[in-house]
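Biologist: Could you walk me through how to read the sheets, helices and ring contacts in a model like this? I'd like the general idea and then the actual case.

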Amino acid sequence: MGGSQSREGLDLSDSEYSGEEEEVENEEQDSEDYTDAEDHTPQVSTKTLDEVDARLQALNLKYSKNASPSPRKPNADLRNGVKLYLHIGGNTPKAKWVVSEKPTTYKFVKKLKIEDDEEYDEDELGRGEGFWVLKVGRKINVRVSMDMQMKFFGDQGRVDFVDGGVWALKFLSNEEYRTFVTKFQECLFENVYGLKHTEENKVKVYGKDFMGWAQPDVSDDSMWEDADDGVWKSAGKRPVEFPERETQDLLQEFEEAATGGGIQSLALGALDNSFLVSDSGVQVVKNFSHGIHGKGVYVKFDGQQLGSSAGKSGTPNKALLMRGETNMLLMSPLKEGKPASSGLHQLDIETGKIVTEWKFEKDGVDISMKDITSDAKGSQLDPSESTFLGLDDNRLCQWDMRERKGMVQNIANANSPVLHWNQGHQFSRGTNFQCFATAGDGSIVIGSLDGKIRLYSRTSMRQAKTAFPGLGSPITSVDVTYDGKWVLGTTDTYLILICTLFTDKDGRTKTGFSGRMGNKIPAPRLLKLTPLDAHLAGADNKFRGGHFSWVTESGKQEKHLVATVGKFSVIWNFQQVKNSAHQCYQNQQGLKSCYCYRIVPRDESIVESRFMHDKFADANSPEAPLVVATPMKVTSYSISGKR
């Protein structure tokens, strides 16, 4: 089974308006069944109106002052004039754009509530009051936000966006297109940050060291190129791009139903086995060069043992392999829908038993954690591993499963043994940590509710070495490459890819985990879905769990990125995203956004998508298999080489 590709992004041109004037007229005649898509108001020519106006003036009719109409301004309706199109037919062969209103106008207005009819001018409301809304004709009335999935086509003078359906605006000139884009970005800035879009406020939001994020057109992108030493940098070499379907394809290898109920998460192993964590137990599956399959041991949870009777949810929301992948830590939330947990359970995979329940405690007081992760990328392979990292809203720490004297606790006789707070920091307030991950050397990256991404060295958890500003959307997941050069953050509507490299005052190249990056920080890049694909992904069309492919060896480079969006698993070619000359970035304004990807569609919402360890890539594939889990099935795909 090959991966699906967007009609807008990969195999087809972004423009579906070819032969626009003639084709649109034909579509208007051919699409009368789509009553919502067209404006059937009778069209009256300007010449006819002028004739009527001349005859009325010749009659010398007398009107009262109050009834006297204002003189008609020629072409007044052409100010902010656009053509509004609606995409119909989804991803079927019959899909097409139809005219919704032609011509019509747009305007940006301020409102207190989206459903209100009352509109306000820019200066009528106080600071922080109201928000900007885009109105187009009679059909569009939408709050300006990243949720619109706005995509800009500078070469066509067109923008596409989502508002209940997929819409497109075609502008009458390049100047009017640029005016719209500038105003949209100003309104978006004000809606996100509550501040007017001024140079002073951009410095206030981003900081003077990160002005490249606010003005990406003048940002130094050289570090993106210098950081990549891949073979394609040689003369005549370019990264293989996904549109070349004859060179790469996704082949479905294995698919099988999960045992014991809905899958909650994947715990992929780098050795013999991987694990499917469901709401009733853990299923052990075998690792192969073509994916995971084969029903092995099934460890069924005891509800009493997992603490469901103590007011906790019995369903683990986090599974962490450790000690040479012979043990697994399972963390269940205190309340359904809330990630925080007061402790975790340790599963001995070899015996298939939960051997103990650990408590989170500091200075004799019970505390909670919302996330846990390994000390370093790949440390799950260490058979002597006894420490791991924990994260809560305002806490970052390392937990130790040994006593202070270094002896492993006698868990057979312990009654809910307490994890030892080995090191860490409890921040006073305001950090709002959400998620974290570790690089190969133990460096830590943390994503926050305000969109900030912080980098910590492995030796200091008290103060971030680098703090990247937020773009307004909460970070829900983060990952980092093994070498620490690249960080990937996940938000609801996009992924943000950050280069952490910088050159210090002595001319040495470092990462932001080891020192302050200064003021020559390259702008990040965004990975997005086209508006059409975002709409087709389903009701739960939020990005979740963005990850790099899995490498645990120095000198090896991750090749792909993957994330889940509703019913889609979405894959990007990593080198293609890093290539500043990539076609996707041409004629763009603002931060570079990559729309070239491969989609793996499923028939239900996807729980998680992850690449297996790099060791499972074989000679016929440039990448290890991709594993995609839905609540009831797990499917493995291989990326084939040229056949």
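Modeller: We'll go through the sheets, then the aromatic pairs, then a helix. Keep in mind that this is a predicted model, where local features need pLDDT of at least 70, side-chain atom pairs count only at pLDDT 80 or more, and totals for chains, interfaces and linings use all residues. Residues are numbered from 1 along each chain as its sequence is written, and side-chain values use heavy atoms, with hydrogens and water left out.

Biologist: How many bridges join strand 22 and strand 23?

Modeller: Six, in the antiparallel sense, with strand 22 covering residues 395-400. To find one by eye, look at Trp-399, whose bridge partner in strand 23 is Trp-421.

Biologist: Now the rings. What counts as a pair, and how many are there?

Modeller: Rings of Phe, Tyr and Trp (its six-membered ring) pair if their centres lie within 6.5 Å; planes under 30 degrees apart are stacked, over 60 edge-to-face, and the rest tilted. By this rule there are 19 aromatic pairs. Take Tyr-106 and Phe-180: their ring centres are 5.1 Å apart and the planes stand at 85 degrees, so they are edge-to-face. Tyr-106 belongs to strand 2 (residues 96-111) and Phe-180 to helix 3 (residues 174-193), so the pair ties together parts 74 residues apart in sequence.

Biologist: Is Tyr-106 buried or exposed?

Modeller: Buried means under 20% relative accessible area, exposed over 50%, and partly exposed in between, using a 1.4 Å probe and protein chains only. Tyr-106 is buried at 6% relative accessibility, and Phe-180 is buried at 0%. A tilted example is Phe-548 with Phe-574, with centres 5.3 Å apart and planes at 50 degrees. Phe-548 lies in strand 34 (residues 543-548) and Phe-574 in helix 8 (residues 574-578), so this pair links parts 26 residues apart in sequence.

Biologist: Which rings are linked into a cluster with Tyr-106?

Modeller: Ring pairs join Tyr-106 with Phe-108, Phe-152, Phe-171, Tyr-177, Phe-180 and Phe-184.

Biologist: And helix 3, how far does it reach?

Modeller: The expected span of a helix is 1.5 Å times one less than its number of residues. Helix 3 has 20 residues and reaches 29 Å from its first C-alpha to its last, close to the 28 Å expected. Its buried residues include Tyr-177, Phe-180, Val-181 and Phe-184. Just after helix 3, Gly-194 has a positive phi of about 70 degrees.

Note on methods: Two strands pair if DSSP finds at least two bridges between them. Helices (H or I, at least four residues) and strands (E, at least two) are DSSP runs, numbered from the N terminus.
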